[in-house]
Amino acid sequence: MTALTPAPVQDYLAGLRRDPHPRLRQIAEEGRAEGLPLVYPDTGALLHSLARACGARRILEIGTAIGYSTLWLTTALPAGGMMITMEYDPDRAARAREHLAAAGLSDRVNVMVGDASRFLHKVDGPFDLIFQDSDKALYEPMLDRLVDMLRPGGLLVADNVLWSGEVIPGYVERPTHNAGDTAAIAAFNRRLAADTRLYTSFLQVGDGVSVSVKVDTLLKTEG
């Protein structure tokens with residue numbers, strides 16, 4: 001549980017949330033038991049809602065882990081929709097495939113194994129929604145390519161943009177995250193906020209989520 005949202009609020013929201021597939025609970029339990037980097041359930045619900053709201057038929061995910069966020073997104077796809085998800089760790093990718101097969105959705109997902117920063121040039125867009133949840137140091141270096149792969153009006157969503165509050169200088173008394181990763185996320189956030197190709201909202205959901213809409217024309221900035 002993130003310290004950014006009080007426990008009673010988390011519990012209240014959890015009681016209202018309706019999961020779109022029963023397999024999500026099993027994946028979440030496995031992830032918690034092993035300390036794996038899965039999205040928070042509220043983040044998963046947001047991803048599902050965003051995918052439905054933008055009518056996504058093609059989704060790209062960077063950072064599969066064992067398929068938790070993948071399942072949240074895939075359950076939002078219509079018949080004939082397709083998701084490509086990239087995972088560096090082959091063991092985690094194999095487990096994600098098992099979960100998706102058990103959920104009856106493996107025909108809608110292509111799990112690619114390897115370094116996403118090297119795969120991106122092999123994947124053709126456009127995508128309706130892209131979810132970035134990979135190595136934090138790679139967020140900013142991947143940004144231009146991901147924006148290019150989005151359709152106009154498409155969504156780029158990134159997780160962990162608050163990083164347990166550690167992106168705010170002095171807010172966390174005893175930081176626990178790698179300082180380099182913290183600096184990378186802070187730089188990514190600044191880049192998103194200033195990028196005129198996108199309109200970005202930063203949300204206090206889970207560990208912080210950015211939602212960027214690719215605009216048709218460059219946004220004017222006030223100077």
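Visitor: Which side chain does H99 meet in a polar contact?
Guide: That of R23. The two side chains are joined by a polar contact of 3.2 Å. Keep in mind that this is a predicted model.

Visitor: Where is H99 placed?
Guide: In helix 5, which covers residues 90–102.

Visitor: Buried or exposed?
Guide: H99 is buried. Its relative accessible area is 4%, and the cut-off for buried is under 20%.

Visitor: What else does H99 touch?
Guide: Leaving out residues up to four places away in sequence, H99 touches R23, Q26, I27, E30 and I66.

Visitor: New topic. Where does D128 sit?
Guide: In strand 4, residues 127–132. D128 is buried as well, with a relative accessible area of 12%.

Visitor: What does the side chain of D128 reach at 2.8 Å?
Guide: The backbone nitrogen of R57. The D128 side chain also makes a polar contact with the side chain of R151, at 2.6 Å.

Visitor: How far apart are D128 and R58?
Guide: In sequence, 70 residues. In space, 5.6 Å from C-alpha to C-alpha.

Visitor: Now the helices. How do the axes of helix 7 and helix 8 cross?
Guide: At roughly 30°, coming within 9 Å. Angles under 35 degrees count as roughly parallel, so helix 7 is roughly parallel to helix 8.

Visitor: Which residues make that contact?
Guide: From helix 7, Y139, E140, L143 and D144. From helix 8, A187, F188, R191 and L192.

Visitor: How do they divide by type?
Guide: The contact of helix 7 with helix 8 has 5 nonpolar residues, 3 charged and no polar.

Visitor: How many aromatic pairs does the structure hold?
Guide: It holds 2. Y68 and W72 form an edge-to-face pair, 6.2 Å centre to centre, with 85° between the planes.

Visitor: Why are Y68 and W72 about one helical turn apart?
Guide: Because they are 4 residues apart in helix 4, residues 68–74. Y68 and W72 are both buried.

Visitor: And what about Y139 and F188?
Guide: They form an edge-to-face pair too, at 5.1 Å centre to centre and 70° between the planes. Y139 lies in helix 7 and F188 in helix 8, so this pair ties together parts 49 residues apart in sequence.

Visitor: Are those two buried or exposed?
Guide: Both Y139 and F188 are buried.

Methods. Residues are numbered from 1 along each chain as its sequence is written. This is a predicted model: local features need pLDDT of at least 70, side-chain atom pairs count only at pLDDT 80 or more; totals for chains, interfaces and linings use all residues. Side-chain values use heavy atoms; hydrogens and water are left out. Helices (H or I, at least four residues) and strands (E, at least two) are DSSP runs, numbered from the N terminus. Buried means under 20% relative accessible area, exposed over 50%, partly exposed in between (1.4 Å probe, protein chains only). A polar contact is a pair of N or O atoms within 3.5 Å; within protein, one must be able to donate a hydrogen and the other to accept it, and residues adjacent in sequence count only if both atoms are side-chain atoms. Contact means heavy atoms within 4.5 Å. Axes are lines fitted to C-alpha atoms, for helices over the stretch in contact, and angles run from 0 to 180 degrees between N-to-C directions. Angles under 35 degrees count as roughly parallel, over 145 as roughly antiparallel, 65 to 115 as roughly perpendicular and the rest as oblique. Ala, Val, Leu, Ile, Met, Phe, Trp, Tyr, Cys and Pro count as nonpolar, Asp, Glu, Lys and Arg as charged, and the others, Gly among them, as polar. Rings of Phe, Tyr and Trp (its six-membered ring) pair if their centres lie within 6.5 Å; planes under 30 degrees apart count as stacked, over 60 as edge-to-face and the rest as tilted.
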